[in-house]
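Hi,

Here is the model I promised to pass on.

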Amino acid sequence: MTTQNAPASMYRTTEGLGLWEHKGKVAAVGIGHSPTARRWDGTAGNTLGANSIFALRKAIEDAGVSPDQIDGLVLDPVTTTGAHWEAGDPLPMDVINTYNQTDDPLDGIAKLSAEWLLKNMPELTNVKFTMYGQGCMSHAIVVAAQAIGEGRAHTCLVLKGWHNLEGRYNQGGVSAAEEVSGTYATGPGRTIWGPPGSYGTALQFAEYCRKYGKSHDMMAPFMANSRRNGLLFPEGYWAQHRPEQLTPEDYLAARWIAKPASLFDNDIPIMVSAAYLFTTAERAKDMKQKPVYILNHASSRGRLRSMTPTLDEVQAETGSTGKKILEGAGITAADLSFENMYDGFALFHQFHIEGLGYRGMKFGDALDFYQTDISIEGPNPVLPSGGNIGSGRSRFWMHTDCIQQIQGRAGARSVTGVKPEIAVSGGPMPMGGNFTVWSATPD
Amino acid sequence: MVKQGVIPDELTKPFWDAANEGRLVIQNCTACDRLQNPPAPTCGQCGSGDNLEWKAMSGRGKIYNYGVVYDCPIKLLQEDQPFNLAVIMLDDDPDIQMYSHLPGTPVDDVPVGASVEVIFEATANGQKVPEWRVVS
């Protein structure tokens, strides 16, 4: 079987669609995470593929189903954190030969197909539906939820894996070339002018600060809160490898990457995989963990006019995304117990939550809100997962946290100032991403 | 600052040829009367590639925004860090943006909103590229 990308029709990208037709009929039950690592160590047991198999088996076990009950698999086949296997680099044949291979030797090492997984998980004997939600876990979740709602699958695994190799972020390949093509040179993207990854977000943040009279140091409480929450996330990178609290002083003293974006405003690339088990609300009732119902999914597909999004473009898009998220779930922002919108880069989290209207926020309010109690113990938790800043670049901590909080399995990270009933997670970018509304009840 | 050399390709060759002649041209859809940058095979509005031309610009603009790059992924630019990286809005159409290192402007002392004019600099392989200088 050859796996296809999800068709555009599976994403809810426009306002005015009304309630999601499958609201409350799809549920998340099982969760599985691999261990984290900063980079691949070159061994067969710690590849992207191995991590992904580990996470999938954990999710199956966590849900309490037998592997032969699984009939669907949705994943993102693109797994790079910015690290690429350079053309001409020797292939690690000892690692490759450890696994059952597809026709691409880097499958399972620097990319991941559904076919590779099925070849190496012989216990998945009844998978009849596979699909790619390309981008990140936020895409895959949306595709899996829609697939179950439409009856394409009934018990479906959702997976995102990441590989990270030796070398500095995005500094190989075309970045090291003496000459580049004319199309590359005119951008957008890195271009011959050399913007780092966080440059675009830094620009939007700079304009935001000028417009609303805010400053970079106002981010410090948010950053400290995110790392604190991340250190309470035992599946995360910082908790597992570097249990260091980030103080406001550390943050303010950090070196710049693309001023006003500093080192800590950029998430740290890591190796990690995570998987969830989704099923119908009906089937979920009999599984091992409490079902977390999906009330809606919504997607953003903003189009920028020229080289880099302006603040006006960003705010128009996040405002529209917020409306889509709430409309399809049939809720208002006041119904949200907490939010887990994306944060990798830290300097755009405020665009997401202002667009959502979290706790009545309007554009320009978020940095003042960060100066209040945004902790997991308070009435207004901001990013209780800690996000990518708190646990490394996975783009899925926020989804795991929503499920765990509502299931009552978030441990020391549990929100205590609010009852975890309805939450939203998603991303990545303010100009483009996918978002999910989670609930303790189906209606 | 010497940027990576540029090898013009089919899509962008008119842009680079004009730069070598000291002219700034931007893609324009004659059906929509709409400029677009970066260049693309089709118009971002009507979706057609049949009505695209390269239109001469005045070479005037304003500094819309900027950041300061301290950790650049491009190897050739790393010895020049930190450096300004600004976004220019063209006077011909403020929706159209171009990047600039703002030669002559001190690092992190960028006058947002100031007027700029285009100049042309040689890249590593001699291909010229549009750059922007603050108009005093």
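One definition before anything else: I call a residue buried if 20 or more other C-beta atoms lie within 10 Å of its own, exposed if 12 or fewer, and partly exposed in between, with C-beta atoms placed from the backbone. On that count, buried residues make up 43% of the 136 residues in chain B.

Some housekeeping. This is a predicted model, where local features need pLDDT of at least 70 and side-chain atom pairs count only at pLDDT 80 or more, while totals for chains, interfaces and linings use all residues. Residues are numbered from 1 along each chain as its sequence is written, and chains are lettered from A and ligands numbered from 1 in the order in which they are written.

Chain B

Chain B has one helix and nine strands (DSSP runs numbered from the N terminus: helices are H or I of at least four residues, strands are E of at least two). From the N terminus, its elements run β-α-β-β-β-β-β-β-β-β. Its radius of gyration, taken over C-alpha atoms, is 15 Å, close to the 14 Å from the globule rule (2.2 Å times the number of residues to the power 0.38), so chain B is as compact as a globular protein of that length. Its C-alpha atoms fill a box of roughly 45 × 30 × 25 Å along the principal axes.

Next, the strands; two of them pair if DSSP finds at least two bridges between them. S5(B) runs antiparallel to S8(B) (residues 115-122), with three bridges joining them, and B:Arg60 sits opposite B:Glu117. S8(B) is in turn joined to S9(B) (residues 128-134) by seven antiparallel bridges, where B:Glu117 faces B:Arg133. S8(B) and S9(B) make a hairpin with five residues between them, and B:Gly126 in the turn has a positive phi of about 95°.

Where the chains meet

Contact here means C-beta atoms, placed from the backbone, within 7 Å. The contact takes 37 residues from chain A and 38 residues from chain B. On the chain A side, the elements giving two or more residues are S6 (179-181), H5 (182-185), H6 (199-212) and S7 (256-259). H6(A) supplies the largest share, five residues.

Just after the helix, A:Gly213 takes a positive phi of about 70°.

The chain A sheet

Chain A has an open sheet of ten strands with mixed pairing, in the order S1-S4-S3-S5-S9-S2-S10-S13-S12-S11. S1 (4-5) and S11 (338-341) are its edge strands, each pairing on one side only. Within the sheet, S2(A) (residues 26-33) and S9(A) (residues 272-280) pair antiparallel over seven bridges, with A:Ala27 opposite A:Thr279.

For the helices, axes are lines fitted to C-alpha atoms (over the stretch in contact), and angles run from 0 to 180 degrees between N-to-C directions. H11(A) (residues 311-329) lies across S10, S12 and S13 of chain A, at about 150° to S10(A). H12(A) (residues 349-356) packs on the sheet too, touching S11 and S12 of chain A, and makes about 135° with S11(A).

Cheers

Technical notes
Two residues are in contact if their C-beta atoms, placed from the backbone, lie within 7 Å.
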